[in-house]
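The sequence and coordinates are shown first, and the description follows.

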Amino acid sequence: MEGDMKRMLRITSISVVLLANLLTLISADLSLAKEAEFVKVGVLMPLSGGGAPWGIGVLRGVELMADKINAEGGIKVGDKKYQVSLIKSDTKSDFNVSLAQANKMIFSDDIKYIIGPILSGEALSAQTVTERNKVIMMALCGTPKFFGVDKPYSFKLNLVDPVSVAGFFVYLSKHLQGVKKIALVGPNNESGWGSAEVARELAKRAGIEIVAEDFLQPGVTDYFPMLGKMIPKNPDAIFILATPAGQVAMVLQQGRQLGYKKIMVSTTYADPQIILEKAGEAAEGYIFQSMDFEGPWSTQGHRELRKNYLEKYKETFNTNSGAGYPMLYVLKLAIEKAGTFDSTAVAKAMENLEGEMPYGHFTMGGLKTYGAKRQILYPLIFSQIRDRQSVVLDSVMPAIP
Amino acid sequence: MNNKRGQIILILLALLFILVAPSFLRNQYHIHILTMVFVNIIVASGLRLIMTTGLVSFCHAAFVAIGGYASALTVMRLGLSSWVGLVFAVIVTVIIAVAFGLILLRLKGTYFFIATTAFGEIILLIFTRWADPFGGAAGLTNIPLPTAIMIPGLFAIQFGSKVSFYYLALAIMLILMLIAYRLDKGRMGAIWTGIHQADLLAQSIGINIMLYKVIAFAVGCSMAAVAGAFQAHYYSHINPGGFGFFTLVNYLIYVMIGGSQRFMGPVLGAALLTLFAEFLSLYETLAIYQTIVFGIVLILVILFLPQGIISLPGKISFWYQQGHEKSNGWRVI
């Protein structure tokens with residue numbers, strides 16, 4: 001018995017010592033050589049779960065821009081050029097995972113710049129750790145709460161809700177003056193609520209009445225009850241806010257089935273191919289924020305992205321990559337302008353950035369609305385489905401003061 | 001006796017190890033992971049406590065949220081200390097758990113599952129819908145860090161670094177686990193087990209099974225609330241999206257895989273699976289399959305170790321003994 005006890009004690013002690021050594025090894029700095037030639041950029045995207053179609057597309061765009069920057073020598077700071085090294089993490093469309101991965105990127109991978117997340121809840125939860133640790137986060141989320149004077153390291157370098165909502169109101173004022181009553185449909189999350197807040201404000205300024213609004217749980221497929229209550233109020237247009245393409249298609253289909261014949265608009269970029277596939281005839285007349293990757297409205301950057309995407313990934317072109325493509329480029333411009341990798345200096349430089357990027361001229365805006373210039377602004381394109389084709393209607397500059 | 005002594009030594013060694021871990025873990029992220037292990041242990045143990053009465057609560061994640069919001073709002077709206085917030089979180093949780101427990105705990109089986117699932121969803125919808133005071137879908141941000149502990153004339157313990165949160169989580173976990181252990185091994189635990197095994201028999205000998213179920217529910221939910229309060233101040237952020245059905249499923253998996261019938265089951269389950277998830281996330285390819293891997297592990301455990309991984313040493317010992325007896329020519333009956 002005593003022998004057994006001693007043996008157990010011995011085994012336990014050895015195990016504890018071994019485990020302690022293992023943990024020490026794991027936490028030791030095993031990074032290979034000096035990383036002075038590389039600048040690490042984190043990409044925090046939903047690569048699984050509900051946000052995956054967006055996340056995978058955006059990641060592709062970022063990867064292609066990283067390839068382009070590296071092929072051209074890298075990011076120039078001082079006399080040296082630094083290659084971009086992307087550190088990717090899947091948020092699984094989950095706020096807790098997003099926060100955990102942000103922690104990992106900052107404390108384990110020593111990252112100072114993060115592209116993503118996409119979902120508003122993910123961005124707000126990760127922001128608590130990025131701001132505290134002076135890490136620049138370039139999210140694609142829809143919530144206006146992402147911005148603030150007290151959040152100097154948080155930027156949006158793409159045009160999603162609610163900027164696209166603002167852009168559509170500019171389009172409305174130019175081309176659809178007959179629209180006097182609208183209805184709002186969105187997901188019951190911060191992206192939906194945030195976009196709706198902007199829509200309400202802009203509608204009020206434009207003298208447009210909001211006759212109905214409803215927010216459903218993400219992933220819901222039955223919009224009939226909601227549309228059934230909304231359509232009798234006879235809105236001139238139904239705005240579909242912050243909703244992915246698959247669900248937009250369902251709203252279109254079910255709205256048309258209920259006899260709604262007027263304008264249906266999606267203010268978030270939704271791949272028209274998916275809309276056409278899923279909504280079919282119901283997509284006719286649907287207006288949406290779009291990008292032109294090969295037509296007359298496309299820029300050199302758009303065409304290059306599409307070409308490189310098809311060459312590298314050999315799969316159907318995911319148009320969501322268009323959102324991610326310019327972001328890394330703008331970060332590059334900010335770093336080169338700052339002349340340092342120090343995140344505070346880069347953030348300052350990014351706030352006052354203006355220039356040319358793959359899609360044309362851009363500025364940073366949002367000073368009056370958000371208290372600081374942290375939202376990129378460049379021309380938005382709106383298209384419409386006509387005879388099963390996506391036809392570009394106009395290009396407008398979003399009006400975020 | 002030797003077995004018990006051996007277990008005590010193991011536990012003491014483990015305690016020693018986790019007490020000194022931050023000294024040799026240079027990576028702040030690893031300290032963060034261990035902190036999350038402690039939080040998950042608290043939540044999973046609270047859930048297991050409720051399960052000792054035979055009921056599987058599907059609103060446990062909602063009580064983590066209630067604790068977080070209650071503590072955060074106490075500090076942000078009333079300007080009180082986070083320790084007062086913690087106490088308030090527990091009081092609010094007990095009130096809600098008792099009030100709804102009196103209704104929910106009359107149900108059993110599938111009905112209890114549906115009712116607690118619905119209750120959990122309602123709680124989260126309340127947090128999502130009301131921007132004031134809960135912040136709506138965005139939740140609450142800039143939640144202050146825990147208030148410093150001042151020992152007059154001696155020192156002040158500030159909470160800001162990962163190490164300080166590590167030790168705070170560890171202290172909270174140890175205190176709650178001690179309370180839970182005393183309840184589990186005492187008269188209360190025996191009654192809970194009795195209710196689980198034969199509630200009508202327990203009732204027939206004069207045990208007020210409703211009272212004891214409500215107590216178990218309230219204590220288990222309070223543990224969840226404490227974990228929620230800690231999380232809210234640790235992350236400085238809380239939003240309802242972090243407490244959905246799949247978060248609850250994670251807690252259930254910790255208990256099921258660890259072993260729901262033994263006190264240390266959820267401790268083992270929460271620790272192993274939290275660390276395993278981190279291990280998977282190191283490799284991009286494996287991270288994608290985390291959900292699948294977890295699912296497979298769960299199925300294997302249910303099939304081959306229905307009492308959880310905690311029963312593995314006993315099983316190995318039994319197989320070894322059987323093998324030893326066979327090799328000695330003894331007939332195994």
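In this predicted model, a polar atom of the A:Q127 side chain lies 2.6 Å from the backbone oxygen of A:F146. A:Q127 belongs to helix 4 of chain A, which spans residues 120-132. The residue is buried, its relative accessible area being 3%. Leaving aside residues up to four places away in sequence, A:Q127 touches A:M137, A:K145, A:F146, A:K151 and A:S154.

**Sheet and hairpin in chain A**

Chain A contains an open sheet of seven strands, in the order 8-7-9-10-11-15-16 and with mixed pairing. Its edges are strand 8 (209-216) and strand 16 (389-396), each of which pairs on one side only. From one strand to the next, the twist averages 25°. Within this chain, strand 9 (residues 237-240) and strand 10 (residues 263-266) pair in the parallel sense over four bridges, and A:I238 stands opposite A:M264 of strand 10. Helix 6 (residues 190-206) of chain A lies across strand 7 (181-187) and strand 8, and runs at about 180° to strand 8.

An antiparallel pairing is found between strand 12 (residues 354-357) and strand 13 (residues 360-365) of chain A, which are joined by four bridges. The two strands form a hairpin, connected through two residues. A:M357 has A:G360 in strand 13 as its bridge partner.

**Backbone geometry**

Most residues other than glycine have a negative phi, and most peptide bonds are trans. The exceptions described here are collected in the table.

| Site | Feature | Value |
|---|---|---|
| A:G116 and A:P117 | cis peptide bond | omega about -10° |
| B:D132 and B:P133 | cis peptide bond | omega about 10° |
| A:N234 | positive phi | phi near 60° |
| A:R388 | positive phi | phi near 65° |

A:P117 is located in the loop between strand 4 (113-115) and helix 4 of chain A, whereas B:P133 lies in helix 6 (residues 131-134) of chain B. A:N234 occupies the loop between helix 7 (224-230) and strand 9 of chain A. With a relative accessible area of 37%, A:N234 is partly exposed. A:R388 is in the loop between strand 15 (380-386) and strand 16 of chain A, and is likewise partly exposed, with a relative accessible area of 42%.

**Cysteines**

How many disulfides does the structure hold over all chains? There are zero. B:C59 is in no disulfide, and the nearest cysteine sulfur, that of B:C221, is 5.7 Å away. Because a disulfide requires the two sulfur atoms to be within 2.5 Å, the 5.7 Å between the sulfur of B:C221 and that of B:C59 is too far for a bond.

**Confidence**

Chain B has a mean pLDDT of 88, and 94% of its residues reach 70 or more. For the complex, the predictor gives an ipTM of 0.75 and a pTM of 0.80.

Note on methods: Residues numbered from 1 in each chain as written. Chains lettered and ligands numbered in written order. Predicted model: local features only at pLDDT ≥ 70, side-chain atom pairs only at ≥ 80, totals over all residues. Heavy atoms only, no water. Buried < 20%, exposed > 50% of the residue type's maximum accessible area, 1.4 Å probe, protein only. Polar contact = N/O pair within 3.5 Å; in protein donor to acceptor, adjacent residues only side chain to side chain. Contact = heavy atoms within 4.5 Å. Pairing = 2+ DSSP bridges. pLDDT = per-residue confidence, 0-100. Axes fitted to C-alpha atoms, helices over the stretch in contact; angles between N-to-C directions.
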